[in-house]
Amino acid sequence: VGGNMTNAKAMMAYYLPRVKTPKGSIVALDYEDGASTSVTANTNVIKAQFKLIIAAGYTPMLYGGKDYLSAHVNVSAIVKAYGNCLWLAEYPDYLVRTKPDYNWFPSMDGVAIFQFTSMYRITGYVNGVPQGLDGNVDLTGITKSGYGNQPVNPTPQPQPHAKWVKETKTYTLKTAVKLRTGASTSANVMTTLPAGTTVKTDQAIIQGGYRWVRQPRSNGCAYLATGPASNTLEYVKSGATHTYYTVKSGDSWWTIAQRNGLSMTALASQNGKSIYTTIYPGQRLVVR
């Protein structure tokens, strides 16, 4: 939102009611791009958003890199007003690191969390979201706020019943896929389609953590999963021509999506990834 106060407040009015984590937990402002030329305006916007986060019952943090924040924001004024609220990411490369290298520690007042890698080991998935993706050191205990007194197993919320929707498409499979008698991983396997197979579909549904498509056949229908529900385009549409973008240093799913008129989810999905997947300089992404 740069230094635009109107946009900043509108953004918080939209997102804060949608936060589902417990009260007291962290809501961080990701500040890596889009700053205005006015340090004062940028700082005032962040302070105003912090106030709104606190008013909504959450713990505010400012996430970014030391150099970018120092160049565009009066960080000391924010730290003076809100204490140790900085979550800074500094690391020498994009290799998997399991321990922090404190030679890269971003020394400045107000640091509460030190992110020492963006390629931490994945320890598993919950609802399609990778766990343990980022390696962080909590220096003040701020990550425990709002979580320590929460029930271990919160009451599950009822999920809306999924419905089949019309989807007349032709796909070319990128990998071998099992063709089943029903839209479930427990359904019988009819055959395994090899990579390169062309599949025509007429309907699709998201259920059981997967996105399923239906293939009409002469003797009925068959079903195959095109990927997890969070990654709905595992296959590339047959015959499609694409426009590519080469990732540059400082890019993110958000900035690339904004430049190309896409949502982050759509951009990630059409590249066979999720918004939790790390991207690297030099990587090519499909944007059209």
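This report describes the overall composition of a predicted protein model and one of its sheets.

The model is predicted, so local features need pLDDT of at least 70 and side-chain atom pairs count only at pLDDT 80 or more, while totals for chains, interfaces and linings use all residues. Residues are numbered from 1 along each chain as its sequence is written, and side-chain values use heavy atoms, without hydrogens and water.

The secondary structure comprises 6 helices and 16 strands; helices (H or I, at least four residues) and strands (E, at least two) are DSSP runs, numbered from the N terminus. Of the 288 residues, 34% are buried, that is, under 20% relative accessible area with a 1.4 Å probe, protein chains only. Accessible surface (Shrake-Rupley method, 1.4 Å probe) amounts to about 16,500 Å², with 53% belonging to carbon and sulfur atoms.

An open sheet of 5 strands has the order β1-β2-β3-β4-β7 and mixed pairing; two strands pair if DSSP finds at least two bridges between them. β1 and β7 are the edge strands, each pairing on one side only. On average, neighbouring strands of this sheet are turned by 25 degrees against each other, direction ignored. Axes are lines fitted to C-alpha atoms, for helices over the stretch in contact, and angles run from 0 to 180 degrees between N-to-C directions.

| Element | Residues |
|---|---|
| β1 | residues 26-30 |
| β2 | residues 59-64 |
| β4 | residues 111-117 |
| β7 | residues 135-138 |

Strands β4 and β7 run antiparallel and are joined by 4 bridges; F114 has V137 in β7 as its bridge partner. Helix α2 (residues 39-55) packs on the sheet and touches β1 and β2, contact meaning heavy atoms within 4.5 Å. The direction of α2 makes about 140 degrees with that of β2.

Definitions and conventions
Buried < 20%, exposed > 50% of the residue type's maximum accessible area, 1.4 Å probe, protein only.
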